[in-house]
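Work through the exercises below with the model at hand. Each task is followed by a solution in steps.

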Amino acid sequence: MRSDHPPRNLLALAGGAGSGKTTLAKTFAAARPSTAILHLDRFFHTRSDRAPTVPNLIGTGRVIDFSDPRSIDWDRVHRSIEATPDDQLLLVEGTFALDDQIRLLARWTVYLNTPDDLRLARKTLRKIDEGADPRIGLLGYLERGRAGHGEHVAPIQQRADLVLDGTLSVQELTARLTANTALRSDRSSISA
């Protein structure tokens with residue numbers, strides 16, 4: 001249960017890999033220069049002895065299972081949150097941004113609901129643009145990513161105060177996010 005007076009001016013934005021979270025976060029924050037963004041992708045454990053693992057698909061041994069919320073170093077996340085000034089809007093975006101570790105601190109919780117095929121296409125194109133082998137991402141999606149999304153990500157949609165349609169343009173999503181968070185300004189205002 002979320003406190004009536006969370007300690008943070010925090011907006012949590014979650015959704016599956018490739019749903020458009022980062023793009024929406026950047027666009028939303030660009031209109032609010034004092035907004036800080038915390039990308040949960042930067043807080044994955046780097047040592048496999050500290051996170052759940054799965055068999056390596058392109059070699060031997062095991063690798064971190066990034067489709068499990070326990071793969072996030074929550075202690076580092078909380079230290080970063082605590083380092084943000086209380087009066088600054090902090091937008092935490094990531095697949096697991098509605099995990100209780102964040103959700104219970106947030107004034108606003110948003111889930112970006114994007115169809116699986118669109119998310120997979122976006123993620124694959126992003127890997128190609130980065131020069132990475134898309135085959136690895138596709139194998140990972142088939143082996144564990146799809147099931148991980150169904151187990152850990154899709155259900156958290158029910159925890160969101162606002163669910164946005166990830167098929168809309170980023171401009172429309174930004175407008176809807178702004179309008180819906182402003183309506184709930186009795187909890188705190190995030191307007192520019």
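**Salt bridges**

Asp73 and Arg76 form a salt bridge in this predicted model, with their closest N and O atoms 3.4 Å apart.

Exercise 1. State whether Asp73 and Arg76 are buried, partly exposed or exposed.

Solution. Step one: buried means under 20% relative accessible area, and exposed means over 50%. Step two: Asp73 has a relative accessible area of 15%, so Asp73 is buried. Step three: Arg76 has 30%, so Arg76 is partly exposed.

Exercise 2. Find how far apart Arg119 and Asp116 lie along helix α4, and describe their contact.

Solution. Step one: the two are three residues apart in α4 (residues 116-129), which means that about one helical turn separates them. Step two: Arg119 and Asp116 form a salt bridge, with the closest N and O atoms 2.9 Å apart. Step three: Arg119 is buried at 5% relative accessible area, while Asp116 is partly exposed at 36%.

**A helix and a strand**

Exercise 3. Decide which residues of helix α2 are buried and what covers them.

Solution. Step one: in α2 (residues 74-83), the buried residues are Trp74, Val77 and Ile81. Step two: they lie on the same side of α2, because they cover an arc of only 55 degrees around the axis. Step three: Asp75, Arg79, Glu82 and Ala83 are exposed on the other side. Step four: the cover over the buried residues includes β1, β2, β5 and α3.

Exercise 4. Name the strands that pair with β6.

Solution. Step one: β1 pairs with β6 in the parallel sense over five bridges. Step two: β7 and β6 also pair in the parallel sense, over four bridges. Step three: five of the six residues of β6 are buried.

Methods. Residues numbered from 1 in each chain as written. Predicted model: local features only at pLDDT ≥ 70, side-chain atom pairs only at ≥ 80, totals over all residues. Heavy atoms only, no water. Buried < 20%, exposed > 50% of the residue type's maximum accessible area, 1.4 Å probe, protein only. Pairing = 2+ DSSP bridges. Arc of directions from axis to C-beta. Contact = heavy atoms within 4.5 Å. Salt bridge = Lys/Arg side-chain N within 4 Å of Asp/Glu carboxyl O.
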